[in-house]
Each structure stands twice: as structure tokens, then as C-alpha cells.
Amino acid sequence: MVQQTSKRLHILLVSDVSIANVIGGAERVLFEQSTRLAQRGHDVHILTRKLSEHTQNQEIVQGVSEWRYDVDKKSAISFINTSRRSARKLFEYLHLRFNFDVLNFHQPFSALGVVQSPNSRKIRKIYICHSLSFEEYLSRNPKPSGSTAKAIYLLNTYARKWMEKWILDKCDEIVVLSLFTQNKLWHAHGIDPQKVSIIPGGVDLERFRPFDDKMEIRQRLNIPQNKVVLLTVRNLVQRMGLENLIYSLKTVIEKAPDLYLVLGGSGPLRDDLFSLTQQLGLESHIRFTGFISEDELPDYYRMADFFVLPTLELEGFGLVTLEAMASGLPVMGTPVGGTQEILGKFDQHFLFKDSSSDSMAKLIFENYQKIRKNPQKWEEVSVRCRKFVEDNYSWEKNVDSLEKLFVKP
């Protein structure tokens with residue numbers, strides 16, 4: 001049941017991503033929170049930078065006004081400077097028009113300009129920390145070899161860390177989705193845990209729900225009907241551990257030749273992962289779907305037998321885990337970040353011992369045997385997954401908690 005505050009708030013969410021095209025976890029959190037706050041009668045706006053796919057500087061998405069500023073991407077310095085100046089200018093224009101009651105930051109670059117504006121000083125400020133900006137930078141950018149390149153690399157890292165810490169210190173409250181991220185804030189920035197609220201992410205329980213006829217969906221998606229199907233949906237980047245998953249499949253296939261992996265997502269490692277699949281002779285056991293659209297995603301969860309999350313690092317929460325479980329799809333995941341908190345709370349037996357391919361192969365084969373030998377038992381696990389998410393996670397619960405922080409004295 002939706003709880004509503006008696007006061008209509010003027011809310012500005014400040015982000016570096018857009019809700020016009022939901023392509024990842026950060027966009028999903030921003031979309032769900034902003035649109036649900038608007039449904040509750042609040043006046044909700046988003047300030048973000050203009051992305052390459054944007055054709056206009058302002059757009060209304062499900063009752064939320066998204067405002068965009070231009071940036072200069074010629075260099076890291078020009079990017080930071082234009083982000084700071086343009087975000088501040090746009091914020092001051094918007095605040096003059098809408099007189100915001102609360103500022104809700106989601107990423108640091110746009111937030112920097114807003115916090116630097118004197119007009120923001122008396123407004124309540126809440127920061128939702130999805131992950132640490134400098135750690136994301138280190139994960140996505142391998143350390144270069146040349147001395148000049150190394151110096152620039154380190155400068156970028158420390159600039160992100162300093163900027164994030166400075167913004168966090170200016171905020172009244174900080175929100176994280178997991179204890180894992182709360183601990184990271186303490187170790188990286190010395191943020192007092194008393195200043196941090198843990199509000200777990202959610203899932204749309206209507207959109208992600210089980211479906212009785214998996215075979216009908218498999219036929220429609222051109223996926224083999226007589227296989228035990230694993231699914232993973234990830235950005236194809238190093239930290240996702242997809243190489244280890246593919247290596248583990250090579251081991252399991254020797255004992256379970258009817259195992260089949262559907263690997264959804266796009267990213268820079270696509271060609272490398274495809275080449276590895278060919279080298280291991282797994283072309284007939286792995287299907288690369290490319291990016292799976294928001295419209296198609298629920299059906300991919302519904303057609304699979306279980307979901308695999310092979311993450312190596314920086315899994316701040318793992319919304320896909322909830323989406324899969326809400327669809328009645330059991331999840332196996334590495335004991336990394338928020339995954340350990342979710343699956344540990346549900347059933348420790350679905351956690352890999354570690355992130356190695358050997359650990360993945362062992363648990364995947366164990367669960368393969370269970371589904372082949374006792375399908376009825378697997379149906380019971382599916383029902384437990386759905387019930388677990390219904391009892392513990394929803395976007396309505398998430399937004400209830402966030403709304404209370406917004407009006408806190």
C-alpha cells in the first residue's frame with residue numbers, strides 16, 4: 001500500500017544518467033524513485049547532463065520533468081569544468097522557478113555544480129550512493145603503462161575521490177542500498193555510519209512475475225526447449241566475471257551436455273567473450289543475445305531455469321537478482337557486495353564459494369542435477385523466490401523510506 005506524506009514536495013533529483021532510456025541499475029533506481037514520487041503527487045524534476053542520444057534539453061517522462069545541460073568532452077578537465085558550471089547555472093534557473101524543498105543527488109558530477117551554488121545551502125540534501133565514483137573509474141579503466149598516462153590516470157582517480165567526499169560532507173543524509181556500500185563509505189571516505197541510512201533497492205512486482213508456460217516463451221525467443229537454461233544479463237565489462245562463467249560451463253557441459261547459457265548484454269568485452277566461447281567449443285551451448293530491451297527482459301527471466309550472477313567486484317546491490325527472483329527464477333551468485341546480503345538472507349546454498357570458475361561449475365552442476373532429478377522440488381524453490389521478494393523488496397517500500405527522509409526535520 002502506498003504511503004503518502006501530507007505535504008506536496010518540490011523535489012530535484014540530480015544525476016549523471018537519464019530516465020529516458022533505462023539501460024542499467026543507476027537508471028532503474030532513478031526512474032523508479034522519480035516516477036513513483038511523482039505518482040504520489042510531488043513536483044519532481046531531474047537535472048542531468050545531455051547525452052548523445054538526447055535530441056532536446058527538456059523532456060517529461062511519466063510526470064517527471066528531466067532537464068539537461070551541455071558538456072564539453074574534449075578532455076577530462078573540460079568535462080568536469082563544463083559539468084560544474086552548466087549544472088550550477090541550470091540548477092539556479094530551476095530553483096528560481098520551482099523553489100525546491102529537497103535535493104536528491106545520485107552521482108557526483110552534476111551534484112558538484114549544484115552544491116557549489118549558494119542557493120543550495122539552505123535546502124535539505126540527500127545523497128543516494130549507488131557505488132563509489134573513483135572505484136567505478138578504476139574498474140572501467142585499466143591502469144596505463146606510460147608515465148604521463150599514469151599521472152593523468154591517478155589525477156582522475158583522486159579528483160573523483162575528492163569530489164565525491166566533498167559532496168557527501170555537504171549532505172544532510174546519505175542513503176545506500178546495502179551494508180556493503182555503507183562499509184565502503186566508512187573505509188574510503190570516513191563517513192560516520194550514523195549519517196547513513198540503508199534503504200534496499202526494489203523490484204516492480206507486477207512487471208516481473210512468473211509465467212506458467214516457459215516453453216511458449218522459449219519458442220517465441222528461439223531458445224531450445226529441451227535444455228536446462230541458465231541466464232545472465234550483464235554489461236560486458238571485466239568486473240562482471242563473465243569469462244569465469246564461460247570457463248565453468250566448459251567443465252559442466254562434460255557432465256551435463258544439455259546445459260545452455262543465454263548471455264544478454266552489450267559492452268567492450270563482447271568480441272573477447274565470443275572468441276573464448278569458440279576456443280572452448282561452446283558455440284552450441286551459449287547464445288549471445290546482445291542488449292535485451294526493457295520490454296523483452298521479463299520474458300527472458302520467465303523462460304530460464306536459473307539466473308547466474310558471476311560478479312568479481314563492485315556489486316553494490318544487484319537489482320537483477322530481485323528481478324529474477326520476482327519472476328520465480330532462482331539465482332546463483334558470487335559472494336560479492338549486495339549479492340551476498342540478498343542471497344544470504346534467502347538461502348546460503350545459492351551462493352558460490354568464491355568467484356572462481358571451479359566454484360561456479362560445482363554449484364551449477366549441483367543445481368542442474370536437482371532440476372533434472374526433481375523438477376517438483378525446483379518449482380517449490382521458484383515459489384519461495386517469489387514470496388521472498390514480495391515479503392522483503394518492492395519499490396513502494398523503497399520510496400516510502402526515501403519520502404520519510406525527505407520530510408525529516
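Predicted model: local features only at pLDDT ≥ 70, side-chain atom pairs only at ≥ 80, totals over all residues.
Trainee: Let's start with a helix. What span should helix α5 have, and how far apart are its end C-alpha atoms?

Mentor: Helix α5 covers residues 147-170, which is 24 residues, and at 1.5 Å a residue it should span 34 Å. Its end C-alpha atoms are 35 Å apart, which agrees.

Trainee: Which residues of α5 are buried?

Mentor: Here is the general idea: an α-helix has 3.6 residues a turn, so residues three or four places apart point the same way. In α5, the buried residues include Tyr153, Asn156, Thr157, Arg160, Met163, Glu164, Ile167 and Leu168.

Trainee: Is threonine 321 buried or exposed?

Mentor: Threonine 321 is buried, because its relative accessibility is 0%. This residue lies in helix α11. Leaving aside residues up to four places away in sequence, threonine 321 touches Leu309, Val331, Ile342 and Leu343.

Trainee: Now for charges. How many salt bridges are there in the whole structure?

Mentor: Side chains of opposite charge can pair when their charged atoms come close. A search of the whole structure finds 31 salt bridges. One of them joins lysine 362 to glutamate 366, with the closest N and O atoms 2.8 Å apart. These two residues are four apart in helix α13, so about one helical turn separates them. Lysine 362 is exposed at 56% relative accessible area, while glutamate 366 is partly exposed at 29%.

Trainee: What does arginine 68 form with glutamate 59?

Mentor: Those two form a salt bridge, with the closest N and O atoms 2.7 Å apart. Arginine 68 counts as buried at 4% relative accessibility, and glutamate 59 counts as partly exposed at 25%.

Notes
Residues numbered from 1 in each chain as written. Heavy atoms only, no water. Expected span 1.5 Å × (residues − 1). Buried < 20%, exposed > 50% of the residue type's maximum accessible area, 1.4 Å probe, protein only. Contact = heavy atoms within 4.5 Å. Salt bridge = Lys/Arg side-chain N within 4 Å of Asp/Glu carboxyl O.
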